[in-house]
Amino acid sequence: MKPVTQPLLQQAAAAFAFGCPTGAAERYGAGHINDTFAVWAADRSRRWILQRINTDTFTDPAGLMENVCGVTGYLRRQIIARGGDPERETLNVIPTCDGKPYWTDPDGGAWRAYVFVEGTVCLQKVESEQDFYTVAETFGAFQNQLAGYPAATLHETIARFHDTPNRYANFEKALAADVMGRARDVAPEVAFIRAREADCHVLTDQLAAGVLPLRVTHNDTKLNNVLIDQATGRGICVIDLDTVMPGLSAYDFGDSIRFGANDCAEDEPNQSRVHFSLPLYQVFARGYLKAAGGSMDEAERRSLPWGARLMTLECGIRFLTDYLEGDHYFKISRPAQNLDRARTQFTLVAGMERAFDEMTRLALTL
Ligand code: ADP
Ligand code: GN1
Ligand code: MG
């Protein structure tokens, strides 16, 4: 993808029906995939989110935006029915000046705009148990709200996104190709992954056998994909809907645990500082199960701690694969950042394996 220049940003801003002239635009947020900006009204009375979709990752922006418009419209109707605030409790897509859900720039880049949800915080790290609990409730409620969504109408925006065995196969290919000559530096990480090849199949096998139900899930449930209301401390808006697709509840539960049930950054370079936190796991499990546990049978509950292990292992595999391939997928701001990210994931996996019996007990009893 080409770098975003100020003239391109201004041209993109002018393409949307904001209803007034726009002024300054600046980079915003800490996502790994899209290019996100806040664009201000010329009089600085309000701002919007303007995003260039990463079309290397999301190759069908039309299908993706059909999903986003469908899901946000569906949520909007539910929010209005329960007397909530549809401008703050879901993303709202702002159409282009000619009424389209996204704008294509002269180089083929795809841009979209959202209402900026003001008065919220977006956490990069768990700061309190209360915050993690509210994030859990918010993702659990999100899954419930989409339970009746017509899943067959959703486009698969990234094929085989949480197909862990396929992620494993791609890792072996990257390792064999070793285009950057980095394989020799990662022998312990390679051994760690290979020792867990059989684990990669646990959830996909249960899905194939019909043991676990396919649901409409978010699939990227990091802490920073929930906006928390500054005034009330409640999670109000689930964002980053690019990967809403049919999936397992274990994916959503697991990815939140991966990112949130520890007190370190995802790219912490010092592994001795990284610890999986069983107390934070318990906090999250309580909030998630309160919101979404009502419809889960024993097999699905048992799948949740597996989701934590496998989403963490899978993410580590993806970070290491990207490191081996030359950091073309996850944005980096320093060398070896993807290697640090991978190592952090593996340290967390090892911690989860030690705590697994207790994690399962909690998932069955909370
Ligand atoms: P990525 O896919 O790159 O993670 P996101 O859609 O998650 O992109 O957006 C990146 C960041 O921008 C978020 O973590 C959040 O801080 C901010 N953000 C996105 N949408 C909104 C919104 N509607 N209102 C306020 N902040 C937002
Ligand atoms: C990416 O888009 P963002 O930053 O919320 C990635 C997730 C990873 C995550 C790791 C579309 O999430 O799958 O778990 O980074 N999203 C995509 O931090 O690949
Ligand atoms: Mg995000």
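Reply: Before the volumes are discussed, one term is needed: on a 1 Å grid over the protein atoms alone, a cavity is a set of points where a 1.4 Å probe fits but cannot get out. The model discussed here is a predicted one.

Me: What volume does the largest cavity have?
Reply: The count comes to one cavity of 30 Å³ or more. Its lining includes Arg258, Phe259 and Cys264. The volume of the largest cavity is about 30 Å³.

Me: Which helix gives the most to the lining of the largest cavity?
Reply: The lining is formed by Arg258, Phe259, Asn262, Cys264, Ala265, Glu266, Thr344, Gln345 and Leu348. Two elements give two or more residues to this lining, namely helix 7 and helix 10 (337-354). By class, the lining has four nonpolar, three polar and two charged residues. The element that gives the most, with three residues, is helix 10.

Me: How much space lies in the largest pocket?
Reply: The largest pocket is the space taken by ligand 1, and ligand 2 also takes the space of the largest pocket. Its lining has 21 nonpolar, 15 polar and twelve charged residues. The space in the largest pocket is about 860 Å³.

Me: Which residues that line the largest pocket are the closest to its centre?
Reply: The space in question is about 860 Å³. Of the 48 lining residues, those closest to the centre are Gly31, Asn224, Asn225, Ile239 and Asp240.

Me: Which element supplies the largest share of the lining of the largest pocket?
Reply: At least two residues each come from strand 3 (47-53), strand 6 (110-115), strand 7 (120-121), helix 7 (249-260) and helix 9. The largest share is five residues, and the element that supplies it is helix 9.

Me: Which residues come nearest to ligand 2?
Reply: A residue is counted around the ligand if one of its heavy atoms lies within 4 Å. The shell around ligand 2 divides into eight nonpolar, four polar and six charged residues. Helix 9 (residues 298-325) gives the most to this shell, with three residues. Of the 18 residues around ligand 2, the nearest are His32, Lys222, Glu266, Arg318 and Tyr329.

Me: Which residues are the closest to ligand 1?
Reply: The shell around ligand 1 divides into ten nonpolar, eight polar and one charged residue. Of the 19 residues that surround ligand 1, the closest are Asn34, Gln51, Val115, Val117 and Asp240.

Me: What percentage of the area that ligand 1 exposes when taken alone does the protein bury?
Reply: A backbone N or O atom of Ile33 lies 3.4 Å from an oxygen atom of ligand 1, and a polar backbone atom of Asn224 is 3.2 Å from an oxygen atom of this ligand. The side chain of Asn225 places an N or O atom 3.1 Å from an oxygen atom of ligand 1. Taken alone, ligand 1 exposes 550 Å², and the share buried by the protein is 96%.

Me: Which residues are the closest to the centre of the second largest pocket?
Reply: The second largest pocket holds about 330 Å³ of space. Of the 17 residues that line it, the closest to its centre are Thr138, Ala141, Gln145, Gly235 and Ile236.

Me: Which helix supplies the largest share of the lining of the second largest pocket?
Reply: Two or more residues come from each of helix 2 (61-81), helix 3 (129-145), strand 10 (235-238) and helix 8 (278-292). The lining divides into seven nonpolar, five polar and five charged residues. The largest share, six residues, comes from helix 3.

Terms used: Residues numbered from 1 in each chain as written. Chains lettered and ligands numbered in written order. Predicted model: local features only at pLDDT ≥ 70, side-chain atom pairs only at ≥ 80, totals over all residues. Heavy atoms only, no water. 1 Å grid on protein atoms, 1.4 Å probe; cavity = no way out; pocket = protein on both sides within 12 Å on 5 of 7 lines; lining within 4 Å. Sits in = over half its atoms within 2 Å of the grid points. Helix = DSSP H or I, 4+ residues; strand = E, 2+ residues; numbered from the N terminus. Nonpolar A, V, L, I, M, F, W, Y, C, P; charged D, E, K, R; others polar. Points joined across faces, edges and corners; volume = space filled by probe spheres on them. Polar contact = N/O pair within 3.5 Å; in protein donor to acceptor, adjacent residues only side chain to side chain. Areas by Shrake-Rupley, 256 points an atom, 1.4 Å probe, with all protein chains shown as cover.
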